[in-house]
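Subject: Structure handover

Hello,

Here is the structure I said I would pass on. Please open it and keep it beside this message while you read.

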Amino acid sequence: MKESEHSVLPWISGEFDISGLIRAEIHVLNSAQIRDDIAREIERAGKSLTPRFIVILMDIAKWRAKAGTDGSRSWDETVKAIGDRIGPVLSPRDAFATLSEGRIVLLADTSGHYGKPDEFAQDIQLELASGIMVSGEEIIFPSSAGIAWVTAGCVSPDVVLSNATIALGRARADGPGHAIIFHDWMRDLEIISTETVSEQVQS
């Protein structure tokens, strides 16, 4: 991999094995860092014929109820355990971050994964639902996922995250375990729904 092709991301470290792949140790990025990474991929998308990167926004259902009545399991501790669990599923070009408590985001290079984007998201969901050790206790985390392509037309990271949020809303409506890819018509429908509610309030 050439440096000009993709710089080494700050979230990942580890040793190279004989296949040349990194044995990943996951470092969780914050909101500003993941936005910087998304912005970089938007710029690169303008130089490519087809988009490669997707954003997967995941809502960890009822994580607070699983955090322990004594607060012994914080979100930081939980998200680190999640990162350690899904690390083997990620490629060296993927980035992992937390936007807020109960919500994580992945910036994934589709060229590093087999199958469709929603299938990759469901692989992550299966890992979360199969039980993760947090503070010595195995916890199952049901989740919903919204997926958005990173394209030059997105203009900014906020647009990408907004698209993923709209898709996430539809996935949550279908219940935990669902992953939905954003399409432009979803935003149009969102606008129509908002205008309808506004008209009802004003009438």
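This is a predicted model: local features need pLDDT of at least 70, side-chain atom pairs count only at pLDDT 80 or more; totals for chains, interfaces and linings use all residues.

A residue counts as buried when its relative accessible area is under 20%, and as exposed when that area is over 50%. By that cut-off, Pro-117, Phe-120, Ala-121, Ile-124, Gln-125 and Leu-128 are buried in helix α3. Viewed along the axis of α3, these buried residues fall within an arc of 145°, so they line one face of the helix.

Confidence

The average pLDDT of the protein is 77, and 73% of the residues score at least 70. Residues 1-24 have a pLDDT below 50, and this stretch makes 48 contacts in the model beyond near neighbours in sequence.

Overall make-up

The protein has five helices and nine strands. Read from the N terminus, the order of elements is β-β-α-β-α-β-β-α-β-β-β-α-β-α. Of its 203 residues, 40% count as buried. If you take the contacts between residues at least 6 apart in sequence, 68% of them join residues at least 24 apart.

The sheet

Five strands form an open sheet with mixed pairing, in the order β4-β5-β3-β8-β9. Which strands stand at the edges? They are β4 (95-100) and β9 (179-181); each has a single partner strand, so one side of each is left without a neighbour in the sheet. On average, neighbouring strands of the sheet are turned by 20° against each other, with direction ignored. As background, strands of a sheet pair through backbone hydrogen bonds, either parallel or antiparallel.

Going across the sheet from β4, the pairs are as follows.

- β4 and β5 (residues 103-109) run antiparallel and are joined by five bridges. Thr-98 stands opposite Ile-104 in β5. The hairpin of these two strands has two residues between them, and Gly-102 there takes a positive phi near 90°.
- β5 and β3 are antiparallel, with seven bridges. Phe-53 has Asp-109 in β5 as its bridge partner, and Met-58 has Ile-104 in β5.
- β3 and β8 are antiparallel, again with seven bridges. Ile-54 faces Trp-149 in β8, while Met-58 is bridged to Ala-145 in β8.
- β8 and β9 are parallel, with three bridges. The bridge partner of Ala-145 in β9 is Ala-179.

In β3, eight of its eight residues are buried. Phe-53, Val-55, Leu-57 and Asp-59 lie on one side of β3, and Ile-54, Ile-56, Met-58 and Ile-60 on the other. Both faces of β3 are therefore covered, since the residues on each side are all buried.

Seven of its seven residues are buried, so β5 is largely enclosed by the rest of the structure. One side of β5 carries Arg-103, Val-105, Leu-107 and Asp-109, and the other carries Ile-104, Leu-106 and Ala-108. In β8, six of the seven residues are buried, so that strand too is largely enclosed by the rest of the structure.

Helix α2 (residues 75-86) lies across β3 (53-60), β4 and β5, and runs at about 155° to β4. Its 12 residues should span 16 Å at 1.5 Å a residue, and its end C-alpha atoms are 16 Å apart, which agrees. Trp-75, Thr-78, Val-79, Ala-81, Ile-82, Gly-83 and Ile-86 are the buried residues of α2.

Helix α3 (residues 117-129) lies across β3, β5, β8 (143-149) and β9, at about 155° to β8. It has 13 residues and reaches 18 Å from its first C-alpha to its last, close to the 18 Å expected. After α3 comes Gly-131, which has a positive phi near 105°.

To try it yourself, look down the axis of α3 and find Phe-120 and Ile-124, two of its buried residues.

Regards

Notes:
Residues are numbered from 1 along each chain as its sequence is written. Side-chain values use heavy atoms; hydrogens and water are left out. pLDDT is the predictor's confidence in each residue, from 0 to 100. Contact means heavy atoms within 4.5 Å. Two strands pair if DSSP finds at least two bridges between them. Helices (H or I, at least four residues) and strands (E, at least two) are DSSP runs, numbered from the N terminus. Axes are lines fitted to C-alpha atoms, for helices over the stretch in contact, and angles run from 0 to 180 degrees between N-to-C directions. The expected span of a helix is 1.5 Å times one less than its number of residues. Buried means under 20% relative accessible area, exposed over 50%, partly exposed in between (1.4 Å probe, protein chains only). The arc is that of the directions from the helix axis to the C-beta atoms.
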